[in-house]
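Please open the model in your viewer and keep the sequence beside it. The tour below goes from one selection to the next and says what is found at each stop.

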Amino acid sequence: MVNSDRIVLRVARADEVDLVRQTLRTIYYPEEAITISYVHGVEPTADDERFSLSFVPQGTVVLAEDLDAGGKVVGVSVAGPIQPGDPELMVQEAATTETKKWSDILKLLALLEQTADVCGKFRLEKAYHVHILAVDPTYRGHALGKKVLKFQMDLAEQLGFGAISGDFTSVYSARIAEQLGMECISQFDMEGYRDEQGAQLFKPRDVHKVIKTCVKVF
């Protein structure tokens, strides 16, 4: 039985890259909609992992640990700064990636960021963007995802950001964001997305077909 009072949230230390990597492989990538909907393979790539892990030294990765399970990590969130001009840089990086899958995902993420235009819409020099929000499937139903996202919100304010945003690929995470006062400013039909040659790159599973970009200004 899960005791919510015994689950603690904290920022991952710079020397915990391996712990974060294993956590992402265990509770995030196996269910992440973009990753598993990719038509050319469902496995995460090394360059995708490196991007996610690059935020650990920045102090913007949050872990949830169950003290009753020996400190087992049961929730994780990865975030970091975004600013005007990032979509163009992401497209440039997509031309030099190690794998085609990460290149295709980067182009999609660039389009999402360009469409939402968080910094432009709210006249911000930078915003705090949540890239990942995941909870161990055996710990769901205890509002843990909501607590982790709220922790990220508080951290964003502490770090001096004027807003927090996120591209939510799950209907559940999008619902959590809205419950915490984040406003959906754009949404994207993943199934309808096509590459430059008109090919479909993502075939969503279950109900997770729309990516919602949500924002909360502090």
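Which residues in α7 meet which residues in α8? Gly145, Lys146 and Leu149 in α7 meet Ile176, Ala177 and Gln179 in α8, where contact means heavy atoms within 4.5 Å.

Before going further, note that this is a predicted model, in which local features need pLDDT of at least 70 and side-chain atom pairs count only at pLDDT 80 or more, while totals for chains, interfaces and linings use all residues. Residues are numbered from 1 along each chain as its sequence is written, and side-chain values use heavy atoms, with hydrogens and water left out.

Keep the six residues selected: the residues of the contact of α7 with α8 divide into three nonpolar, two polar and one charged. In this division Ala, Val, Leu, Ile, Met, Phe, Trp, Tyr, Cys and Pro count as nonpolar, Asp, Glu, Lys and Arg as charged, and the others, Gly among them, as polar. Now extend the selection to the whole of helix α7 (residues 144-158) and helix α8 (residues 171-179), which pack at an angle of about 55° with their axes 10 Å apart. That angle makes α7 oblique to α8, since angles under 35 degrees count as roughly parallel, over 145 as roughly antiparallel, 65 to 115 as roughly perpendicular and the rest as oblique. The axes are lines fitted to C-alpha atoms, for helices over the stretch in contact, and the angles run from 0 to 180 degrees between N-to-C directions. Helices (H or I, at least four residues) and strands (E, at least two) are DSSP runs, numbered from the N terminus.

**The sheet**

Next, select the strands. Seven of them form an open sheet in the order β1-β2-β3-β4-β5-β7-β6, with mixed pairing; two strands pair if DSSP finds at least two bridges between them. At the edges stand β1 (7-11) and β6 (183-189), each with a single partner strand, so one side of each is left without a neighbour in the sheet. The twist from one strand to the next averages 20°.

Begin at β1, which pairs with strand β2 (residues 61-66) in the antiparallel sense over five bridges, and look for Arg10, which stands opposite Leu63 in β2.

In the loop between β2 and β3, pick Leu67, which is partly exposed at a relative accessible area of 39%; buried means under 20% relative accessible area, exposed over 50%, and partly exposed in between (1.4 Å probe, protein chains only). The C-alpha atoms of Leu67 and Ile7 are separated by 6.0 Å, although these residues lie 60 residues apart along the chain. Leaving aside neighbours within four places in sequence, Leu67 is in contact with Arg6 and Val8.

Colour β3 by accessibility, and nine of its 11 residues come out as buried. On its other pairing, β3 is antiparallel to β4 over eight bridges, and there Pro81 stands opposite Tyr128 in β4.

Now select β5, β6 and β7. Antiparallel pairing joins β5 to β7 over six bridges, with Ile164 opposite Lys216 in β7, and six bridges join β6 to β7, which run antiparallel, with Gln187 opposite Lys212 in β7. Centre the view on Thr213 in strand β7 (residues 210-217), which is buried at a relative accessible area of 2%. Not counting residues up to four places away in sequence, Thr213 touches Ala116, Gly166, Asp167, Glu183, Cys184, Ile185 and Ser186.

Select helix α3 (residues 46-53), in which Asp47, Asp48, Glu49, Ser52 and Leu53 are buried; the buried residues of α3 pack against α1, α2, β3, α5 (100-116) and β4. Finish at Ser37 in helix α2 (residues 33-37), which counts as buried at 3% relative accessibility. Apart from neighbours within four places in sequence, Ser37 is in contact with Met190, Leu201, Phe202, Lys203, Pro204 and Arg205.
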